[in-house]
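Hello,

Here is the structure I promised to pass on to you. Have a look at it first, and my notes on what turned up follow below.

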Amino acid sequence: MTHHTAPQAHSDIDDVNQRFYDGLWADTRLVHPERFNTWGLVSDLSRSHARRLEVGPGMRPRLPIADTHFVDISAPALSALKGEGGVTHSAPISALPYADRSFDLVCALDIIEHVEDDELALAELSRVAAPDARVLLSTPLHPEYWTPFDDIVGHYRRYEPDNLTKLLERHDLEIEQSAIFGMKPKSSRLNDLGMWFLQRHRPVAMRVYNRFLMPLGLRLQKPLELRPGMVATEGVEEVFLVCRRHP
């Protein structure tokens, strides 16, 4: 794999994020949370954590939709979630429209790497989480694994595992469990082909992803294998975290 260690200028990334995800959600259907490998965990947590919030789900929510609060900046995604019984708000993660300690279960998967001010984003997630709430996060690891794919999808960063742990601790979030995560193909040739199409024929690439690659990825998902604390991260490109909000 060829690594590219120089992310694009921060001033351009917000526009990249908006264009990429507007295009992604414009030609796709809502994928229900039961289809993801996170469902066993979140369905169990949801039974004992009634006040639920998911931030930035797009068309791929992981929490049960009915009666869950969803915050996103995508109008099509919010409309689809509302139609399934979700409680929706249009807002950025940096300004969540809720009072302190409002939720027992908070989910923000593949979000913090897309936000310039990740300290503020995590401060907001921690603020709206009640004492002992569970906060579910996922994010890519290891800056040396940076590739053009990170540029295309609008990442600001990849995290060093130790720095990620310290970042969470600053916001009263303790890692209770974690797992290797992500649906990115292991084949470097397939990734390179996908990036070529995204760069040169984006509408075609979006249609192929939504109609063929995403359904295939769902069928090929491996079970979510949670481990206590932080999983061994050597060679791991993305991690899923179950955090507890300190009282």
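**What I found**

The chain's secondary structure amounts to 8 helices and 8 strands, taking helices (H or I, at least four residues) and strands (E, at least two) as DSSP runs numbered from the N terminus. Please keep in mind that this is a predicted model, where local features need pLDDT of at least 70, side-chain atom pairs count only at pLDDT 80 or more, and totals for chains, interfaces and linings use all residues. Residues are numbered from 1 along each chain as its sequence is written, and side-chain values use heavy atoms, with hydrogens and water left out.

Of the 247 residues in the chain, 49% are buried; buried means under 20% relative accessible area, exposed over 50%, and partly exposed in between (1.4 Å probe, protein chains only). Among contacts between residues at least 6 apart in sequence, 74% join residues at least 24 apart, a contact being heavy atoms within 4.5 Å.

**A buried glutamate**

E54 lies in strand β1 (residues 52–55). A salt bridge here is a side-chain nitrogen of Lys or Arg within 4 Å of a carboxyl oxygen of Asp or Glu.

The side chain of E54 does reach the backbone nitrogen of L63, at 3.0 Å. That is a polar contact (a pair of N or O atoms within 3.5 Å; within protein, one must be able to donate a hydrogen and the other to accept it, and residues adjacent in sequence count only if both atoms are side-chain atoms). Leaving aside neighbours within four places in sequence, E54 is in contact with residues including R60, R62, T68, F70 and C107.

**Aromatic pairs**

There are 2 aromatic pairs in the structure. Rings of Phe, Tyr and Trp (its six-membered ring) pair if their centres lie within 6.5 Å; planes under 30 degrees apart count as stacked, over 60 as edge-to-face and the rest as tilted. Y98 and F103 make an edge-to-face pair, at 4.8 Å centre to centre and with 90 degrees between the planes. Both Y98 and F103 are buried.

The rings of F181 and F240 have centres 5.2 Å apart and planes at 45 degrees, so this pair is tilted. It links distant parts of the chain, 59 residues apart: F181 is in the loop between β6 (173–180) and α7 (188–200), and F240 is in strand β8 (residues 238–245). F181 and F240 are buried as well.

**Salt bridges**

The structure holds 14 salt bridges. In one of them, R170 meets E119 at 2.5 Å, N to O. R170 lies in helix α6 (residues 161–170) and E119 in helix α4 (residues 118–128), so the pair ties together parts that are 51 residues apart in sequence. R170 counts as exposed because its relative accessibility is 52%, whereas E119, at 30%, counts as partly exposed.

E237 forms a salt bridge with R158, and their closest N and O atoms are 3.7 Å apart. Here the partners are 79 residues apart, with E237 in the loop between β7 (227–228) and β8 and R158 in the loop between α5 (148–153) and α6. E237 is partly exposed at 24% relative accessibility, and R158 is buried at 9%.

D172 and R245 also meet in a salt bridge (3.7 Å, N to O). D172 lies in the loop between α6 and β6 and R245 in strand β8, so parts 73 residues apart in sequence are tied together. Salt bridges that share partners also join D132, R134, E174, E176 and R244 into one network.

**A glutamine in a loop**

Last, Q221 is found in the loop between α8 (202–219) and β7. Its side chain reaches the backbone nitrogen of N37 at 2.9 Å, and a polar atom of the Q221 side chain lies 2.8 Å from the backbone oxygen of R35.

Best wishes
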